[in-house]
2 protein chains.
Amino acid sequence: MFFLKDLPSRTTLEAYRERFTAMDVDKVDEALHMLRKASLLMRELEEYFASRGLSQLRYLILVVLDREFERDGLLASEVAERLDVSRPVMTRTLQALVEEGLLTLQTHDQDLRAKQVRLTRKGRAKLHQALPGYYRLIHDFMDRDTK
Amino acid sequence: MFFLKDLPSRTTLEAYRERFTAMDVDKVDEALHMLRKASLLMRELEEYFASRGLSQLRYLILVVLDREFERDGLLASEVAERLDVSRPVMTRTLQALVEEGLLTLQTHDQDLRAKQVRLTRKGRAKLHQALPGYYRLIHDFMDRDTK
DNA sequence: ATTAAATGATTACCATGATAACTATATTCA
DNA sequence: TGAATATAGTTATCATGGTAATCATTTAAT
């Protein structure tokens, strides 16, 4: 997370450019604003998810599984790959979601190392309940911010 | 962090809009791209800081203190306020930085509850060593990304 | 002046991210 | 075919974020 209330001014950035590096001040400035804005939005999203017994990652796992409605679940490694998150975090989070009855985990038929992950009806319902508020929050944030 | 490799398509977003909420699809789409881009940049920054014995927050604490060169340090609460981070996290991080000799903490003269935080010479040097690479990383990321 | 409320910092505890090391199973190739 | 390598997942450990509760001190109010 990146929470610097007063970002470095253009003047400060230009002084740095002079001193050591051939950076594009505009792009760096844009990046700093983006980091702060994204951090604020992420914080709001985490708060929203927490209020619904979810988290950013839990939510995204449900999304990824919900998308693949033609397939009978995904391998844990496929979920991890689509989300670009480390395996141990995936293991832990999937287990927590199973505890809560939102997913099932089952050893794969052919490959005994692998785990098949499936959404339960409860999991799908939980996701669909969270979606409207999720999009509303993002919409409101962007709306507020661009004013 | 937000790491969904395939973001919801415009079509998907429009379907959601129809179904439950009067959202601006463009703005939501923009927000999702921003979240992902910021997450990737934050990950690179954390890696950079880790390689130098710092972290995003440790770095920002040094920046905030370095900025206030006219003042003889800041109160811990002032640092927390400028960075919008919770007090317990600030306490812990300041103590770690003191352990490493980058800061000093001293009980305030007038208010015995408060702590005065000051950059040491070593802390200032550490910050100035980290700055060029920090800006270069951001520059390169933005440059790469906009291609 | 004394009590009540507010403030600064800390402690205890929990959630979520990472990496390194490990187990078990599959695959490759000599 | 058997040994070496690769892959899927887990465990252990650590870093960094949060909230709630607590302690000490200061400020406000009666």
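The following legends describe close-up views of a predicted model.

Residues are numbered from 1 along each chain as its sequence is written, and chains are lettered from A, and ligands numbered from 1, in the order in which they are written. Local features need pLDDT of at least 70, side-chain atom pairs count only at pLDDT 80 or more, and totals for chains, interfaces and linings use all residues, while side-chain values use heavy atoms, with hydrogens and water left out.

**View 1. The interface of chain A and chain B.** Contact (heavy atoms within 4.5 Å) involves 48 residues from chain A and 48 residues from chain B. About 4,500 Å² is buried between the two chains, 65% of it from carbon and sulfur atoms; buried area is the accessible area (1.4 Å probe) that two parts lose on being put together, summed over both.

View 2. Six salt bridges (a side-chain nitrogen of Lys or Arg within 4 Å of a carboxyl oxygen of Asp or Glu) are found between chain A and chain B. One salt bridge joins the side chains of A:Arg43 and B:Asp84, with an N to O distance of 3.1 Å. On the side of chain A that touches chain B, at least two residues each come from α1 (10-19), α2 (25-51), α3 (56-67), α4 (76-83) and α6 (121-145) of chain A. Helices are DSSP runs (H or I, at least four residues), numbered from the N terminus. The most is given by α2(A), with 15 residues.

**View 3. Packing of helices α3 and α5 in chain B.** Helix α3 (residues 56-67) and helix α5 (residues 87-99) of chain B pack at an angle of about 80°, their axes 10 Å apart. Axes are lines fitted to C-alpha atoms over the stretch in contact, and angles run from 0 to 180 degrees between N-to-C directions. Helix α3(B) is therefore roughly perpendicular to α5(B), a term for angles of 65 to 115 degrees. The residues in contact include B:Leu57 and B:Ile61 of α3(B) and B:Val89 and B:Leu97 of α5(B).

Definitions and conventions
Parallel < 35°, antiparallel > 145°, perpendicular 65-115°, else oblique.
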